[in-house]
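Hi,

Here is the structure I promised to pass on to you. Have a look at it first, and then read my notes below.

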Amino acid sequence: MTGSLNRRNLLIGGLWTGVALATPMRLLAHAHKTSTAHGAGQAGASHLMQAGPGFESMAPSASMPATASPLTPYERQVVTIAQQQISRLSGVIWKRDLVAVADFARPSNLPRLHFVNVENGTLRSELVAHGRGSDPQHDGWLKHFSNTVNSEATSRGAYLTASIYDGKYGPSIRLRGLDADNSNALERAIVMHPAWYAAPDMLTKYGKLGRSEGCFAMDPQQFNKALTHLAAGRLLYADRISEA
């Protein structure tokens with residue numbers, strides 16, 4: 001994520017005009033191409049891909065079982081938080097089927113971005129990077145949140161996902177901060193995007209992910225799978241939910 005003026009202007013200018021729910025097919029094709037290329041070198045490299053249902057199966061379906069697999073107490077806590085936040089923001093969130101919950105009490109080497117299907121109570125967990133301003137020692141732990149412009153830190157609170165745009169790292173999701181603690185998200189150009197430094201091979205090399213400038217950066221392969229399910233009017237919630 002870059003904090004340049006041009007990028008900020010792009011986000012501000014395109015947030016409302018690009019907030020239509022339709023996803024540009026050109027960007028989806030790019031995402032699929034990126035995912036395929038990345039996956040060729042990642043076969044079997046990440047246990048995350050094997051844990052729980054895929055993003056495709058998390059899309060609401062009447063044929064899905066009520067619970068795809070037993071949830072741990074921690075996972076039930078995440079689902080409960082997703083449901084509580086949807087209820088709190090029911091007048092703002094446009095699509096209430098899928099909620100992303102980021103638990104920054106966990107270190108970056110653990111899956112801590114949870115995609116919760118609120119309708120059937122299932123979830124899938126992935127890696128996500130935090131901002132360098134939240135972890136100046138770069139030890140993999142978020143120390144604090146910040147909503148300050150140029151802090152390069154992660155902000156806590158609820159975000160409304162908006163349109164998809166083609167950014168520095170490829171297709172990315174614009175975010176609108178809904179709470180006082182993340183009200184500067186648009187001005188800070190805080191988005192969700194794929195990034196090489198958030199891929200599982202970083203854990204093999206360094207035992208932790210790289211850091212963003214406050215954005216929610218994910219492994220490109222996993223981000224591309226989530227792209228169409230989370231964008232355009234859904235909820236992303238970030239906080240320190242538990243201790244690892």
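Strands β1 (residues 98-103) and β2 (residues 113-117) run antiparallel and are joined by five bridges, with Ala102 standing opposite Leu113 in β2. Strands (E, at least two residues) and helices (H or I, at least four) are DSSP runs, numbered from the N terminus, and two strands pair if DSSP finds at least two bridges between them.

A word on the source: this is a predicted model, where local features need pLDDT of at least 70 and side-chain atom pairs count only at pLDDT 80 or more, while totals for chains, interfaces and linings use all residues. Residues are numbered from 1 along each chain as its sequence is written, and side-chain values use heavy atoms, leaving out hydrogens and water.

The open sheet has eight strands in the order β3-β2-β1-β8-β4-β5-β6-β7, with mixed pairing. Because β3 (122-126) and β7 (216-218) are at the edges with a single partner strand each, one side of each has no neighbour in the sheet.

Just after α6, Ala232 has a positive phi of about 70°.

Enjoy exploring!
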